Amino acid sequence: MNHRRLAASALAFALAAGAVSPVLAQTPEQATMRTASAAEAPAGRAAPSLIVTLVIDQFSANLFNQYRGQFTGGLKTLADQGMVSINGYQTHGVTVTCAGHSTVLTGVHPAHSGIPANDWIDTTTGQETYCLAAPQNTLAHGKNTDNGPVGPDQLKATTLGDWLKAVSPNSRVFGISGKDRGAINLAGHKADGAFWLTDGFGFTTYVEPGQSAQARLAPVAALNARMIDRFSRQAPVWTYQHDSCRRLEGQWVIGGQTFNSTLPPAEDTIEGSPLLDELTLEGAAELLDNQQLGRRGVTDMLGVSLSATDRIGHGYGTQGPEMCEQMLRLDAALGVFLDKLSALPGGAVVVLTADHGGSDFPERSSLEGYPAAGRVDRALLPRVNDALKARFNLGANPLVSSAGGLVVVGADQKSLAEPLRSQVLAAAVELLNAEPQVALAVSRDELLAEPVPASDNPEELSVRQRLRLSAVAERSPDILRAYQPGLTGSGRIGAAISSHGSPWDYDRRVPIIFWWPGAEGQERFLPMRTIDIAPTLAHLIGVKPTDAVDGRCMDLPQFANGRCAAP
């Protein structure tokens, strides 16, 4: 696909048809005038000068609803004043960070974004591939740490930021996160910058061949210097700021070890505490100011992915004092950030959602009224492998875990030769489906032979259809599988004691909220999908996708051009 030709044709079409929103070409004075007139006539407010996308990692609809009555800051503002979809969905079945982020601003399912999981096994080499691997790049902080060299290359779909850049090259597009896969997926292919936190350095980014690390880091260099100075003088400690959270303390036995759920936690790090999101929002505010986002007479975009809820959910579960503190501190930090956005003369539109949901660790869930909660039998995969080795006279285990499923491999960890591979695959699917803990096992190739299902009613999708929306040729595992509801993998204190990734609604249902200063609260009960966000925002600011999208535009009738179709 020639993306330059698509971008050029999209620009020509938009200009000829008058599709480019006037906000793309307005002066700051005009932006101020538009905001004033919008205040006088809310039903006809102008398109905003800034689009802010907030993605809270592992922020399930359940978690949002649980704490909704306790919010007093930014999350209360969004919940009370925003257009709230109480039935938002990540529609696909392998609900993990990279896949979920890839849907938000592309408008497509993982089956079309090309991102089925956080990583996958390349059976031609036997090596694991990270979802944003870009070996030609380097990392700006000079170390090959984290996930190695990264970039947007693996993302096969274009993003809202790319569509905006195609018609308004002077618009600025940035992404910032605690994780590289949060920042890069939201920033897209043509971004002016994508930054994420790395230990001992601050915010880093990727550097493409021919680029300067110093130039790429310039937007966050001053912030990094301040953070290093701040933490060199006093190391942060995660202690209680809200006494009400103490009531959730407890002691649990997980994997034969005792987990003390209290603050400060045994593993007290910036990456696993509310400070991670507070720093990310500080970085977002820095970009707002030093890049003059939303103040330059064109539409700009800022993607902010907040990673602490995910780190805390994995490390400590979702129903303890750790998550309580996280929810309330995130709420406060978002309040400060929204106040800053409210001062923009050209107006901002904020959309908040999540890349996936999550649930608590099963040892606590089972004692709190969910008897189905438990852990997957550690002997399940060895049992299936032993049966396959005996049936086909194999010397090594033919199944290895990968990307929400299983890959059929030979002794060298590469794919088995045909026809043995197909025979082992068919037998493995049969054996897995006979296991009581497995809800469904299906081969990737069988799924890919089926059409991508329409997902307008995400609640009605079968488990098989949800997995189809996650299936990507050559990247998804040979077998996609779903465990029964309530089951999660084996937990290890100090690593992950709870998880996500399933096709069940506690991992798929997420909040979706649209908000702008002066908005009036509205609840929408009909399902909305994360893939609907990009086409909705694109219509609002007057740009068109350069590629086909799976999502649909949703009406924002408070704006002059907020109707997706003429009445």
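**Entry 1. C245 and C324.** Buried here means under 20% relative accessible area, with exposed over 50% and partly exposed in between (1.4 Å probe, protein chains only). A disulfide joins the two, S to S 2.1 Å. I take a disulfide as a pair of cysteine sulfur atoms within 2.5 Å. The link of C245 and C324 is left-handed, with -70° about the S-S bond. I then looked up where each cysteine sits. C245 is in the loop between α9 (213-233) and β10 (250-254), and C324 is in helix α12 (residues 321-342), so the pair ties together parts 79 residues apart in sequence. Helices (H or I, at least four residues) and strands (E, at least two) are DSSP runs, numbered from the N terminus.

**Entry 2. What I am reading.** This is a predicted model, where local features need pLDDT of at least 70 and side-chain atom pairs count only at pLDDT 80 or more, while totals for chains, interfaces and linings use all residues. Residues are numbered from 1 along each chain as its sequence is written, and side-chain values use heavy atoms, leaving out hydrogens and water.

**Entry 3. C98 and C131.** How many disulfides does the structure hold? I find three. One of them joins C98 to C131, S to S 2.2 Å. The torsion about the S-S bond of C98 and C131 is about 90°, so this disulfide is right-handed. C98 belongs to helix α5 (residues 97-104) and C131 to the loop between β4 (127-130) and β5 (138-139), so the pair ties together parts that are 33 residues apart in sequence. C98 and C131 are both buried.

**Entry 4. C553 and C564.** Here the disulfide runs from C553 to C564, S to S 2.1 Å. Its link is left-handed, at -75° about the S-S bond. I place C553 and C564 in the segment after α19 (533-541), eleven residues apart.

**Entry 5. Pairing.** I numbered the bonded cysteines in sequence order and got the pairing 1-2, 3-4, 5-6.

**Entry 6. Confidence.** The mean pLDDT (the predictor's confidence in each residue, from 0 to 100) is 90 for the protein, and 92% of its residues reach 70 or more. Over residues 1-42 the pLDDT is below 50. Beyond near neighbours in sequence, that stretch has 62 contacts in the model, a contact being heavy atoms within 4.5 Å. Where pLDDT is low, the predicted coordinates should not be read in detail.
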